[in-house]
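Work through the exercises below with the model open in your viewer. Try each task before reading its solution.

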Amino acid sequence: MARATSAAAPPAAPADFRLEPGDPRHVAVIMDGNGRWARARGRARVWGHRAGARTVRAITTECARLGLPELTLYAFSSENWRRPRREVGLLMRLLLRHAVGERRTIMDNGVRLRTLGDLEALPVAVRREVERTVELSASNRGTVLRLALNYGGRAEIAAAARRIAERAVAGELAPAQVDEGAVAAHLHDPSMSDPDLVIRTAGEMRLSNFLLWQASYAEFWVTPVEWPDFRETHLHEAIREFRRRVRRYGGVVESQGPGG
Ligand code: IPE
Ligand code: IPE
Ligand code: MG
């Protein structure tokens, strides 16, 4: 039986949705379910990845319209190399196509493209085109779109520890100076703020090695909707839900009333 939640795409985005004070300033998305979406339609998984790439464009454009400062999309994890060669190859070609083909969308919307992850392992052409789009869009003023590519949260933290150790050995940093701020300053992109809201599509309730350090106090919103069916209205729904959350950061919020 078809999954009811992905049966019909919701109507087009209400253009009157706006960000309000207190809304997330950094939204990060675990874009999952491309494969299942395609298989449920009797197609190869790669077909789902093509459809997912269209969703990336729609959501990026909407975040730019909303004036969201930061959007981070988990596009390829350090564990995704475990997939069949053919699928990895297609994902790399899609990335290449995105880096080139989406330049116009990125520039028209004032988006600044950046990356998160170890780009060294990517095919050289993919890396070159992604880096070219990063350079071209560097002086834009809008949403910072970070694509997490060959990204792993543990690898990122381990790399930070390694650099801190190197600096300690070189006498640039004393062990007593290694606090949370120092670790954060040695992550892939020290200019990145912690995500306020992490969205995961396709229903899985896990982080899959995404932003392990940065997401420590993020609000988590999971939808059964698979990424190719994810629309602007779902993003709005996530933000509306975020507005209802009470972020306590381990403290107490007095407005909860007696006993709260
Ligand atoms: C997400 O969709 C895309 C990537 C991880 C690259 P999946 O390919 O993981 O789709 P499912 O989870 O198998 O449905
Ligand atoms: C997480 O999705 C990685 C990306 C969205 C790029 P996966 O499909 O790889 O996660 P698991 O394997 O279900 O944990
Ligand atoms: Mg998946």
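The exercises that follow use a predicted model and cover pockets, a ligand site and one alanine.

**Exercise 1. The largest pocket**

Find the volume of the largest pocket, and the elements and residue classes that make up its lining.

Solution.
- Step 1. Start with the space: the largest pocket holds about 640 Å³.
- Step 2. Go to its centre. Of the 29 lining residues, Met31, Asn34, Tyr74, Ala75 and Asn80 are the closest to the centre.
- Step 3. Assign elements. Helix H1 (34-39), helix H2 (45-66), strand S2 (70-77) and helix H3 (85-101) each give at least two residues to this lining. H2 gives the most, with 5 residues.
- Step 4. Sort by class. The lining has 12 nonpolar, 9 polar and 8 charged residues.

**Exercise 2. The second largest pocket**

List the residues that line the second largest pocket and sort them by class.

Solution.
- Step 1. The volume is about 180 Å³.
- Step 2. The lining consists of Arg50, Ala53, Arg54, Arg57, Leu94, Arg97, His98, Gly101 and Glu102.
- Step 3. Trace these to elements: H2 and H3 each supply at least two of the lining residues.
- Step 4. Count by class. There are 5 charged, 2 nonpolar and 2 polar residues. Gly counts as polar in this scheme.

**Exercise 3. Ligand 2**

Identify the residues around ligand 2, then look for side-chain polar atoms by its oxygen atoms.

Solution.
- Step 1. Collect the surroundings. Ile30, Met31, Asp32, Tyr74, Ala75, Phe76, Ser77, Asn80, Arg83, Arg200, Arg206 and Ser208 surround ligand 2.
- Step 2. Take serine 208. A polar atom of its side chain is 2.6 Å from an oxygen atom of ligand 2.
- Step 3. Take asparagine 80. Here the distance from a polar side-chain atom to a ligand 2 oxygen atom is 2.9 Å.
- Step 4. Take arginine 200. A polar side-chain atom lies 3.4 Å from an oxygen atom of ligand 2.
- Step 5. Apply the cut-off: a polar contact is a pair of N or O atoms within 3.5 Å.

**Exercise 4. Alanine 238**

Is alanine 238 buried or exposed? Place it in its element and list its contacts.

Solution.
- Step 1. Alanine 238 belongs to helix H8 (residues 232-244).
- Step 2. Its relative accessibility is 0%, so alanine 238 counts as buried. The cut-off for buried is under 20%.
- Step 3. Set aside neighbours within four places in sequence. Alanine 238 then contacts Leu197, Ile199 and Trp221.
- Step 4. Check a distance. Alanine 125 is 113 residues away along the chain, and the two C-alpha atoms are 36 Å apart.

Technical notes:
Residues numbered from 1 in each chain as written. Chains lettered and ligands numbered in written order. Predicted model: local features only at pLDDT ≥ 70, side-chain atom pairs only at ≥ 80, totals over all residues. Heavy atoms only, no water. Helix = DSSP H or I, 4+ residues; strand = E, 2+ residues; numbered from the N terminus. Buried < 20%, exposed > 50% of the residue type's maximum accessible area, 1.4 Å probe, protein only. Contact = heavy atoms within 4.5 Å. 1 Å grid on protein atoms, 1.4 Å probe; cavity = no way out; pocket = protein on both sides within 12 Å on 5 of 7 lines; lining within 4 Å. Points joined across faces, edges and corners; volume = space filled by probe spheres on them. Near = heavy atom within 4 Å. Polar contact = N/O pair within 3.5 Å; in protein donor to acceptor, adjacent residues only side chain to side chain.
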